Amino acid sequence: MSYQNLLVEVSERIATITFNRPKTLNALNRETVLELKAALMEVSSRDDMGVVLLTGAGGKAFIAGADIPIFQQFTAMEALDFALLGQEVLGFIERMPQPVIGVVNGFALGGGCEVAMACDMLIAADTAKFGQPEVNLGIIPGYGGTQRLPRLVGRNVAKELVLTGDMITAQRAYEIGLVNRVVPAAELMATARDIAKKILSRGPVAVRTAKMAMNRGLDMDLQNGCALEASLFAAGFATDDRVEGIAAFIGKRTPEFKGK
Ligand code: COA
């Protein structure tokens, strides 16, 4: 896997996808979003990649939003296409089987904050900054920001962020429930990898179906969400992982899951 705007590395069943346009603080243009789609599709189809980490190159930014100069000439139809493309790719992050951890090493603004919000969990450096500054440019978020942010942090806090365009610190992002953990920048990647390894040690089918139950269930009412959960719970009993996990508990040993 080789790309112009991304770096993709795989080790110990962890795929790390790094946005790599540091001169623009990893701003998202169409090519980068298309490459992200291709990289995620490749990773999602491979059994040897159990967790994905998304991060930014250059030390200063995760992603500082859409590549602003391309907006100068956009027609309304081009803007619609750009929004729908990004929304499709971010929706795929939520639907792909592997957990995706956002490793937020710096600015996560606009589309960057939206990419982060599509991840299954977020670890942020204490120097990271989050925000939806689109109103400063006279536009609104287009990659799901007006939809995912209220779902994640509540309506009024989301409105404050989207309507003022203000940036918040990683600590504030933690307080409002946007990120899971804030760690010193030097410990960021090691912390994310530790969480990834812990997830990798659990039953792979269970991890996959639990992600599905939560992400799909969030778009359902409680009754239907619980019905989905019951079906996936039952499906888990047809797996070798269930046999192994329960035998290991009873035998007081560490399970050896096969993901089947
Ligand atoms: N698109 C394109 N280029 C961007 C960019 C973006 N979203 N964000 C930053 N850059 C570029 C800058 O133009 C600058 O390029 P230059 O060195 O050729 O002038 C370079 O990245 C460094 O940015 P700079 O603004 O000098 O860094 P800073 O530390 O002073 O400020 C930010 C950092 C993130 C606060 C500031 O760059 C910013 O506000 N960016 C736009 C964020 C935004 O509105 N995103 C939403 C877009 S919809």
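Modeller: A polar backbone atom of Ile 68 is 3.1 Å from a nitrogen atom of the ligand. That is a polar contact, meaning a pair of N or O atoms within 3.5 Å. This is a predicted model, where local features need pLDDT of at least 70, side-chain atom pairs count only at pLDDT 80 or more, and totals for chains, interfaces and linings use all residues. Residues are numbered from 1 along each chain as its sequence is written, and side-chain values use heavy atoms, with hydrogens and water left out.

Biologist: What does the side chain of Lys 60 do with the ligand?

Modeller: An N or O atom in the Lys 60 side chain lies 2.7 Å from an oxygen atom of the ligand. Ala 66 has a backbone N or O atom 2.8 Å from a ligand nitrogen.

Biologist: How much of the ligand's accessible area does the protein cover?

Modeller: The protein covers 57% of the 870 Å² that the ligand has on its own, by the Shrake-Rupley method with a 1.4 Å probe.

Biologist: Is Cys 113 buried or exposed?

Modeller: Cys 113 is buried, at 2% relative accessibility. Buried means under 20% relative accessible area, exposed over 50%, and partly exposed in between (1.4 Å probe, protein chains only). Cys 119 is also buried, at 9%.

Technical notes
A polar contact is a pair of N or O atoms within 3.5 Å; within protein, one must be able to donate a hydrogen and the other to accept it, and residues adjacent in sequence count only if both atoms are side-chain atoms.
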